[in-house]
Each structure stands twice: as C-alpha cells, then as structure tokens.
Amino acid sequence: MLSNKAFLILAVLTGLFTLVACSKGEPSRKATSPDDSTTQAPQAISSTKRMPSDPSLKSLYIQSCYGCHSSGAAGAPKSGNKEQWASRTQKGLDTLLANTKNGLNSMPPKGMCMNCSDDDFRALILFLSGEAE
C-alpha cells in the first residue's frame with residue numbers, strides 16, 4: 001500500500017506526464033469567424049464537465065483521458081464532440097481500439113491507461129466519441 005507521500009508523488013508525476021503527452025504535436029486550430037467551416041455548434045454539455053456515469057469508467061477517464069480530451073490539447077478530439085469524432089468513428093471501433101492501444105499522433109500508446117483492458121478502452125472510446133454516456 002502506498003503512503004500518502006508516495007501517492008502524492010505518483011499523482012504529480014502522472015499529471016506531469018499528461019501535460020507532456022498533450023503538449024506534443026500541432027496546436028489545435030480554432031475557428032476565426034462565424035463563416036469559418038470549422039466553427040462548431042455548442043455542445044449540450046461542455047467537454048470539460050462531461051463525465052461517464054459509471055464510477056470505474058469515470059475514474060479511468062479522469063486519470064487517462066481527461067487531460068487532453070476535455071480541452072482538445074494537441075489536437076485531441078473533445079469528449080462528446082461528434083463532429084470532431086466523425087472521421088474517426090467512421091473507421092470503426094476495431095480501428096479506434098488499435099489506434100488507442102498503439103498510440104497515434106500525440107496520443108501515447110494505451111492513452112496512458114496501462115491497466116485498461118480492451119473492454120475498458122472500448123467503453124472509453126464510445127464515451128469520448130459521444131456514442132455512449
């Protein structure tokens with residue numbers, strides 16, 4: 001069992017790793033005017049406030065996905081934004097699972113969830129893409 005000090009050090013290192021992983025790659029592009037084709041409709045729930053209802057999935061999401069997918073850091077598609085996820089979901093869940101496990105662009109292998117099972121990844125992908133709550 002970890003002491004409080006060891007747990008705090010582990011939490012800080014995990015947070016730093018998240019920041020480093022999210023800082024690589026090209027910055028996300030934002031719409032410059034209402035006529036810009038990248039302008040997106042507001043989401044029903046902000047990606048920064050959106051959380052899975054299942055407690056164990058919520059824990060995995062906060063630890064491994066939230067840092068990048070809540071803000072769109074390093075071009076990560078925002079949680080629940082179906083427009084940003086559309087080109088990805090069209091590839092199918094098996095491809096998204098493989099990309100998650102192997103890493104893609106700025107996302108590190110396994111999206112920093114080293115203990116996630118394939119079922120965990122599938123549930124996280126479906127939540128992130130807005131296909132499930």
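This is a predicted model: local features need pLDDT of at least 70, side-chain atom pairs count only at pLDDT 80 or more; totals for chains, interfaces and linings use all residues.
Ground rules first. Local features need pLDDT of at least 70 and side-chain atom pairs count only at pLDDT 80 or more, while totals for chains, interfaces and linings use all residues. Residues are numbered from 1 along each chain as its sequence is written, and side-chain values use heavy atoms, with hydrogens and water left out.

I looked up ring pairs and got 2 aromatic pairs. Rings of Phe, Tyr and Trp (its six-membered ring) pair if their centres lie within 6.5 Å; planes under 30 degrees apart are stacked, over 60 edge-to-face, the rest tilted.

Tyrosine 61 and tyrosine 66 sit 5.9 Å apart by ring centres with planes at 85°, so I wrote down edge-to-face. Tyrosine 61 also pairs edge-to-face with phenylalanine 127, at 5.1 Å between centres and 75° between planes. This one links distant parts of the chain, 66 residues apart: tyrosine 61 is in helix H2 (residues 55-64) and phenylalanine 127 in helix H6 (residues 118-128). Helices here are DSSP runs (H or I, at least four residues), numbered from the N terminus.

Together, Tyr61, Tyr66 and Phe127 make one aromatic cluster.

Buried or exposed? I checked relative accessible area (buried under 20%, exposed over 50%, partly exposed in between; 1.4 Å probe, protein chains only). Tyrosine 61 is buried at 0%, phenylalanine 127 is buried at 1%, and tyrosine 66 is partly exposed at 27%.

Notes. Helices (H or I, at least four residues) and strands (E, at least two) are DSSP runs, numbered from the N terminus.
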